[in-house]
Amino acid sequence: MRIVLASKSPRRKELLSNLGLKFEVIESGIEEYSNEKHPSKYVMDLSFHKAMAVAKKLNEEAVVIGADTVVVVDDKVLEKPKDREEAYTMLKSLQGRFHTVYTGITVVRAQDFKYVRDFEETKVWIKKLEDEEIFNYIDTGECYDKAGAYAIQGFGALIVEKIEGDYFNVVGLPISKLFDILKREFGIRLL
Ligand SMILES: Cc1cn([C@H]2C[C@H](O)[C@@H](COP(=O)(O)OP(=O)(O)OP(=O)(O)O)O2)c(=O)[nH]c1=O
């Protein structure tokens, strides 16, 4: 079965590649917008739109995977920071406490549009940071295309003290959940 990742995120691509999986990447190109308010529904909805937009372009046997990640602190949803100032505000609000990372995932079968959507949440504790450390972290440049303005897989490893839940979910793709969905709902076995 052809497997398609509906994502421009190099991290999602790398996570799937690490599994030795044969797949291709087709970007959805959709505008990321949802009416859903609760973070778990919001990320599932966006992952659904990404996967479905790509599935509609295909008319052969294929399963399409879409995902969306946000960071939530005090009921505030943080996406990618626009600029240095916004990155600072986000990191300042995240330091010295837990926040939650939500990733929504949708798998769609292109032939009949059967789909399954789900989400995973991981709690992340970022240590207390001096303002100078926050600015120096921003200067690494890695925060701009990341929800919540940090990358746990990069220099962000220096500021994350502990996590509860799936690490890969924080990087943008809950691999273990994907394994279960492909096996249970689509008869595709990664092991
Ligand atoms: C919190 C965190 C997020 N991220 C990334 C994962 C996602 O790529 C990004 C959130 O943006 P998304 O909108 O979920 O994804 P994307 O725009 O990069 O790709 P696409 O919509 O085409 O699939 O933040 C990390 O890489 N590391 C982290 O520690």
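Of the 25 residues around the ligand, the ones that come nearest are Ser 7, Lys 8, Ser 9, Ile 152 and Gly 172. Two or more residues of the shell around the ligand come from each of helix H1 (10-17), strand S3 (62-73) and helix H5 (167-171). Please keep in mind that this is a predicted model. The points below start at the ligand and then move on to other parts of the chain.

**Around the ligand**

- Strand S3 gives the largest share of the shell around the ligand, with four residues.
- By residue type, the shell around the ligand divides into nine nonpolar, seven polar and nine charged residues.

**Asp 68, an annotated position**

- The UniProt annotation "active site", from an unreviewed entry, covers Asp 68.
- Asp 68 is found in strand S3, the strand that also gives four residues to the shell around the ligand.
- Is Asp 68 buried or exposed? Asp 68 is buried, because 27 other C-beta atoms lie within 10 Å and 20 or more are enough to count as buried.
- Leaving aside residues up to four places away in sequence, Asp 68 touches Val 43, Leu 46, Ser 47, Lys 50, Thr 103 and Gly 104.

**Thr 100 and its surroundings**

- Thr 100 has its place in strand S5 (residues 97-109).
- Thr 100 and Glu 121 are 21 residues apart in sequence, and their C-alpha atoms are 6.5 Å apart in space.

**The nonpolar core**

- In soluble globular proteins, nonpolar side chains tend to be buried together.
- Here the largest nonpolar core has 51 residues, and those with the most contacts inside it are Ala 51, Val 64, Ile 65, Val 70 and Leu 91.
- Helix H2 (residues 39-55) provides the largest share of this core, eight residues.
- Leu 91 touches Ile 134, Tyr 137, Ala 149 and Tyr 150, not counting residues up to four places away in sequence.

**Strands S6 and S7**

- Why does strand S7 (residues 160-164) lie largely in the open? Of its five residues, the number buried is zero, so S7 lies largely in the open.
- Strand S6 (residues 115-126) runs antiparallel to S7, and four bridges join the two.
- The bridge partner of Trp 125 in S7 is Lys 162.

Definitions and conventions
Residues numbered from 1 in each chain as written. Predicted model: local features only at pLDDT ≥ 70, side-chain atom pairs only at ≥ 80, totals over all residues. Near = placed C-beta within 6 Å. Nonpolar A, V, L, I, M, F, W, Y, C, P; charged D, E, K, R; others polar. UniProt positions renumbered as here; feature names shortened; annotations may be inferred. Buried ≥ 20, exposed ≤ 12 C-beta atoms within 10 Å, placed from the backbone. Contact = placed C-beta atoms within 7 Å. Core = buried A, V, L, I, M, F, W, Y, C linked by C-beta atoms within 7 Å. Pairing = 2+ DSSP bridges.
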